[in-house]
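Visitor: I have a structure to look at and some questions about it. Could you take me through a few of its details?

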Amino acid sequence: MADLTSLLGGPVGSSSAKGPNHEVHVKDYEWAGRLRVAESFNEHMPSTWDDAFLAAMPTKTAPRVSLAVSTDLKLWNYRYMFEKKGERSLVLDTRLNTMAEVLHQAFGLATEWEDPTIPSQESIYTIGRICLRVNPVKGEADSAPATKLTPTDLMLETSRMVGNGQRVALSLDPKCRVRYAWTDESASMASVVGLFPGMIVGLKGRNGSGARFIAEELLMPPALPHPATSRTELQSHQFHPSKLDGSALRIVAASGPFTSPDDLAFTPWHAFVSHMERLQPDVLLVMGPFVSASHPLVAAGDLDMLPTELFQQHIATRLTRLMERSPSTMVILVPSTEDIFHPHCAFPQPFLDKADPVLGLPKRVRCLPNPSVFYVNELAIGVATVDVLGDLRREELVQRVQPMNPSGTPGPKVTDPMMRLSRHVLGQRSFYPIFPPSPASNVPLDLSHSHLCDLDQVTPDLLLLPSSKVKPFVRVVDSTVVVNPGTLAQPTSETQPTAFVCVQVDPLPRSSVFRSSEEAEELITHELYNRARIDLVHTSTA
């Protein structure tokens, strides 16, 4: 491991929250000395982050990548706190009807959805939203409403079209099976299923008594298809001399908070950016919170300057210097609802206004909304800064079921809870499929505009879901690479290791990209899971 001086690429000065140079004091914070690769995906691929590669890396004066977004950014500047009950109800019902069509087509059902609240001795197919019992059970008038999903509080909420929006108690039959459409074969061997409030599922079962629907099968919605790109476009992105020219695409992603709970010196952030000046990635993705409202000093009002001044002095100033020292690096910022200086605190959340002089951001910085699906060259990347993994882990009710493929041998993929949580996001086609939002994080969800949280076109090749409540990880879920990059600094009362992630993506083989003119416009998938080496770099141990 290189020493701190070499990692910072310059002289090491004293640490000062108000100084213009922002170097790291070795005695105060030996950040760089603690860097270690804790987990590596496709580690057999040669690294583009080691000293030997960096020494031979040619000088680059302009970005080698292109950026495109898959949403109309004008839709994000909406007014929040103006929701009406009718609008909220319509959004929930519309989403149920949309997923009903998806499930009906995916499983090729010959019958229409039927009302699960009507007594029937015959098995029927129905669809609904998993929800929590609100009112106490009859005879328990003094009991408090449940706050977490349990088998006794499990309910199914129907759409207006299927069941007039009514709810019915739900139980899983001991022989209940789970059917997945277009998913990894390992899912069919799972003997458990996770349910959470807001989850939309199809069901096969019956309501013999009229009081409770007994599910014999659960039908899980499939993820959207993965993106595909023509060979002509891939040639331009991966092999053009002004682009990657046959070399690997190098991406670094880090998530806030960026300063310790004890101070607002942003020491980990300054050390990290100095490290980036040395690595010079093609893309640096920085996810908020930048100045968190939940930081103890911010929450107490113990500040020497405004939050916008903190952002300008620590975040914007260092990004300006980074882009001067590494002009080929494209910097992308995604805000958080925790950012106290952001004028829009509801989720989904619009991008930072880089034209605002108070923030002091350089013009070349790219600002995207939260959440976002965007394209770096051909790769589709999804990111959301709400802690959806932590909330899913808290709200999920795990129930035992019969595996669809009992002859298979369950492996790590079957029992891995992170695979299951990630599949919830992909299958429900939403960056935040929980409703109502978990009290663990109190996400300020604007339900009327929650369609902006949907994965409505493609499933990303790379999905970044930062969480401080679960350990950083890398998983391949149904051909999507899902990464929890962790946080750069330790949030208050959390115990997970601090980390960031380095991603290198090798080009596709020339033989698969360069073909005859008749095949030039043929669309091919990106297969990121075969091309990418992903290193989770821990900056501390926990």
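Guide: Pro-436 lies in the loop between α11 (417-428) and β17 (462-464). Bear in mind that this is a predicted model.

Visitor: Which residue does a cis peptide bond join to Pro-436?

Guide: The bond in question is cis, with omega at about -5°. The residue that it joins to Pro-436 is Phe-435.

Visitor: Where does Pro-289 lie?

Guide: Pro-289 also takes part in a cis peptide bond, with Gly-288, and omega there is about 15°. As for its place, Pro-289 is in the loop between β11 (283-287) and α7 (296-299).

Visitor: In which sense do β18 and β19 pair?

Guide: Strand β18 covers residues 473-477 and strand β19 covers residues 480-484. Val-474 stands opposite Val-483 in β19. The two strands form a hairpin with two residues between them. They pair over five bridges, and the sense is antiparallel.

Visitor: Is Asp-478 buried or exposed?

Guide: Asp-478 is in the turn of that hairpin and has a positive phi of about 50°. Its relative accessible area is 17%. Buried means under 20%, so Asp-478 is buried.

Visitor: How many Å apart are Ala-228 and His-526, C-alpha to C-alpha?

Guide: Ala-228 lies in strand β9 (residues 228-230). Leaving aside neighbours within four places in sequence, Ala-228 is in contact with Leu-523, Ile-524, Thr-525 and His-526. In sequence, Ala-228 and His-526 are 298 residues apart. In space, C-alpha to C-alpha, the distance between Ala-228 and His-526 is 6.5 Å.

Technical notes: Residues numbered from 1 in each chain as written. Predicted model: local features only at pLDDT ≥ 70, side-chain atom pairs only at ≥ 80, totals over all residues. Heavy atoms only, no water. Pairing = 2+ DSSP bridges. Helix = DSSP H or I, 4+ residues; strand = E, 2+ residues; numbered from the N terminus. Contact = heavy atoms within 4.5 Å. Buried < 20%, exposed > 50% of the residue type's maximum accessible area, 1.4 Å probe, protein only.
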